[in-house]
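Have the model open in your viewer and get ready to select a few residues. We will visit a pocket first, then some aromatic rings.

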Amino acid sequence: KMDKKDVIQSIEQNLYETNNGLPNYTKLAKVFIVNDEWSLENGLLTPTLKIKRNKLENFYKTQLLKWYNSEKRVSYV
């Protein structure tokens, strides 16, 4: 069983491998792991289970800058 530290380490490795060799403008800068459920009921997903980006950004708007300004590349928030 993986603990939180192992999960973060695994995602950091995947982030490094994903970004390796990509142009800077396409690289992922940060990964945030949240406990919140994204569902049709809370309006964060469409009926075809696509993310409603504007709703998601609004849902987390008070926390986004704090998370993004964190030194960590992968954060469990």
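The lining of the largest pocket has 11 nonpolar residues, no polar ones and 3 charged ones (Ala, Val, Leu, Ile, Met, Phe, Trp, Tyr, Cys and Pro count as nonpolar, Asp, Glu, Lys and Arg as charged, and the others, Gly among them, as polar). This is a predicted model, in which local features need pLDDT of at least 70 and side-chain atom pairs pLDDT 80 or more, while totals for chains, interfaces and linings use all residues. Residues are numbered from 1 along each chain as its sequence is written, and side-chain values use heavy atoms, without hydrogens and water.

Next, select Phe32 and Trp67. They form a tilted aromatic pair, 5.5 Å centre to centre with 35° between the planes (rings of Phe, Tyr and Trp, the last by its six-membered ring, pair if their centres lie within 6.5 Å; planes under 30 degrees apart are stacked, over 60 edge-to-face, the rest tilted).

Now move to Phe59 and Tyr60, an edge-to-face pair at 4.9 Å centre to centre and 85° between the planes. Phe59 is partly exposed at 41%; Tyr60 is buried at 5%. Show Phe32, Phe59, Tyr60 and Trp67 together: ring pairs link them into a cluster.

Finally, select Lys30 and Tyr68. The charged end of Lys30 sits over the Tyr68 ring, 5.8 Å from its centre (NZ of Lys or CZ of Arg within 6 Å of the ring centre and within 35 degrees of the ring normal).

Note on methods. Buried means under 20% relative accessible area, exposed over 50%, partly exposed in between (1.4 Å probe, protein chains only).
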